[in-house]
Every structure is written in structure tokens, then in C-alpha cells.
Amino acid sequence: MNQKSSKLYTKLITSALVAGSIVMPAFQPTAFAEGSTYFAVNNNVGTADSVTFFSAKAKDVVKVYSADGNTLLGTGKASKAGDLTVKLKNQLTESSIQVSLTNYNKRESEKVDVDVPEEATTEALSSDNIVVNNNVGTADTVVISGVKAKDVVKVYNAAGEILLGSAKASKDGAVTIKLRSQLAEDTVQVSLSTYNSLESDKTDAEVPEEMASDELSADSITVSNNVGNSDTVFITGLKAKDVVKVYNATGETLLGTGKVSKDGDLTVKLKAQLAEESVQASLTSYNKIESEKVDAEVPEETTTEALTPETIIVNNNVDMADTVVVPGLKAKDVVKVYNASGETLLGTAKVSKDGDVMVKLKAQLTEEGTVQVSLTSYNSLESEKVEVDVLEEEVTEFPN
Ligand SMILES: [Ca+2]
Ligand SMILES: [Ca+2]
Ligand SMILES: [Ca+2]
């Protein structure tokens, strides 16, 4: 114990032992009244409150009581000379306490009043340190910069009544709070609680609107009105994770959806054959809401060009199937042969590779007359039918 503390110690003991409980000794009232000269009251937050008695001697006992001196809050015994800290059982709730000292082989001193400082309150955040990320499709987040390790940040709704999320900083710098549900209001309130301090006042922070995706450009959309296969919409110049939705002409019925995995183009297959003259298409980019819809024209389905009747040969056979031969076709072309009225299908054939095709007819043609023939190319509607003459079956002539 140095000379100065020894002197203080003597004063304290002297005053404390004065009969009749004069708490403030006449010769040193200020120093004693403040208490802090001899004691420090540590009004902690989140950990036990404590009282430290400076300059204790070995075997000194310090007792801490409630403001009225009736309830013992904690006791400590010095194992050696120096500071003695008494941990209290419960959090302090009053604005003062009473403290006594008992030297070895002496009676307990009078109790002296000591002020209890208020628990420290964390300074409120500056709105400059709060950034709200109003995401789409993923959790909204709030990023607080300039925090210290162990700081706790809490985000509340606009009224400050509902906790939306909280986080504890693991290191100095910035901390991100993931919110439990999507933001629905224009503002949030954010508080900070530093180590050993109460939660700060809440600071308002503005919530930006969710970002909308850019509209698709009409030039980037091509509708393929297929036949026999799904209709498709082809969109160029998309970014990874973009989603394109195709709706009917009024924009009310979803016809198909597609997502690009990397920058580039996309083909959206539609669920049903197109029946209207236009569709609407929207873009939904990553972390953005769906764009406005734009119109795209639906072209008519392609109709196959009609055959040239002069190139078609009808073989009016006898006792074997009559045939119709069509030259110069493409793989997957389908030729259909009908009766003279065009109502009854007499035969059909599909071209397996480029070249001629022969259609065998189901029923015998007998008389002179006509048949009608159509062509259906891949991904096209059936052509108009063309009329081809049928010659009479040949009759055998006697040799001369
Ligand atoms: Ca406390
Ligand atoms: Ca959001
Ligand atoms: Ca179609």
C-alpha cells in the first residue's frame, strides 16, 4: 500500500468507526460522501454488478447492503492487500447502496452510503451507418457499419415494436442482419447494444423499394408458331438467372416460363398451342421483381406450298394396289391422296429421306377420273390439295 492510499484508508476507517454513524466525517466530508474515492460501484449490464473497495488490507471484509441497509447484497474478503471486488448476487435496482468494512479482529464499521451510477446506455446509431437491402426472392438484410466485436444490432418494424431480426458482430467492422420476413413498410428502426451497456435508442432507417427488372425489348422476342410441336418464344440477350414469363394476349394466363443459367438466349416452350395473335412477355432478373409485360406478335402457322400436279403420276393398276408417285420431296414430308371430292383419304405416305415417294392406295381406282393430293412439310400445315387425272385401267388387246 503506498503512502497516499494508506492515508485514505486511515481516514475511511476512522470515519467509519466514529460512534453514532456519522457517515460523512467532519474533517473529510466531500471525499467520503462521493464514495467513489474509496469505492467504485460497477453497475454492469449482462454480467453481475460489483463493488470494488480500493486499498483493502488482508482479511478486510466488505459488506454491501441495500439502500436502507437492511438487505445484504454481497460480501467479500480480501485475501491480500489491494483492491477488493465484491460481486453482487442480483442486479442493482436502487440509486444507492450502503457499504461497511470489517477489519480483522474488529467490529463491523458503520455503513456508509454510496451512489449507484446508472447502467451505461449505448449511443444510438447514426443513420449513415445503416443500409437496408430490400431484396427479392431472398431474405431482406440490414448492414450496420462501424460496429465493434460483440455489439448486438436489432432491427424492428417501423413502429419499433416488432423485432424483425438481430445479429451479434463477431469482429470490428460491419455486421449483416438477415430479416425473418420480407419488409413490408417504408422504414425500420435499428438499435445497438455494446458490451456492458443497455440497448441504445432506436434509429430510423429508410427501406428502399424492391427493384423492378428492365422491360424486355420487343426486338429481342421471337415467337415460333409451330405445327405438330410445342410453340416457343425465343428471347435474346439475357443475363444469368433471368426468368422470362410468357402470357396470353391479355397477360392474364401464364403460357410458359424459362430461366437462363448463363448469359445468353433462351427458348421458352409453351404449354399449349398458341390460339391468339399476340402474347405478352416479362423479365424477372435476379433480386428484382417482375418487369412490365411487353407484347409480341404471333405469326401464323406455316402452310405447306401446294404440289405441282404435272409432276404427280397416278398408276391405275389392275389386281394390285394403285399408286401415286410424287417426286422431289424432303425428309419428313407427308403426302396424302384423297378421292375426287377430296373428302375420303385413299392413302398416305411419309418421306424418310429426300427424294420420291410412292403412296399405295387402299382401294382400287377403276374408272377415269381424278384424285386430290396434298403435301404436309415438317412443322407446317397441310397444303391445298391439287387435282391429278386418273387414266382408265388398261385393257389387254389381242395380238394382230
Ligand atoms: Ca446492473
Ligand atoms: Ca424485400
Ligand atoms: Ca402453333
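Student: Where is K89 found?

Tutor: K89 sits in the loop between strand 5 (82-87) and strand 6 (96-102). Helices (H or I, at least four residues) and strands (E, at least two) are DSSP runs, numbered from the N terminus. Residues are numbered from 1 along each chain as its sequence is written, with chains lettered from A and ligands numbered from 1 in the order in which they are written. The model is predicted: local features need pLDDT of at least 70, side-chain atom pairs count only at pLDDT 80 or more, and totals for chains, interfaces and linings use all residues.

Student: Is K89 buried or exposed?

Tutor: A residue is buried if 20 or more other C-beta atoms lie within 10 Å of its own, exposed if 12 or fewer, and partly exposed in between, with C-beta atoms placed from the backbone. K89 has 11 C-beta neighbours inside 10 Å, so it counts as exposed.

Student: Which residues does K89 touch, leaving out those up to four places away in sequence?

Tutor: Two residues are in contact if their C-beta atoms, placed from the backbone, lie within 7 Å. On that basis K89 touches L73 and G74. K89 and G74 are 15 residues apart in sequence, and their C-alpha atoms are 6.3 Å apart in space.

Student: What should I know before reading a positive phi?

Tutor: Most residues other than glycine have a negative phi. In this chain, S55 has a positive phi of about 65°, and K241 has one of about 80°.

Student: Where do S55 and K241 lie?

Tutor: S55 is in strand 2 (residues 50-56). K241 is in the loop between strand 16 (232-238) and strand 17 (243-247). S55 is buried, because 21 other C-beta atoms lie within 10 Å. K241 has 15 such atoms within 10 Å, so it is partly exposed.

Student: How many helices and strands are in the chain?

Tutor: The chain has 2 helices and 28 strands. Its radius of gyration is 48 Å, well over the 21 Å that the globule rule gives for 400 residues, so the chain is more spread out than a compact globule. The radius is taken over C-alpha atoms, and the rule is 2.2 Å times the number of residues to the power 0.38. The C-alpha trace spans about 165 × 35 × 35 Å along its principal axes. Of the 400 residues, 26% count as buried.

Student: Which domains does the assignment give?

Tutor: Domain bounds come from an automatic or database domain assignment. Here it gives domain 1 (3-115), domain 2 (127-206), domain 3 (218-297) and domain 4 (309-390). The centres of domain 2 and domain 3, taken over C-alpha atoms, are separated by 39 Å.
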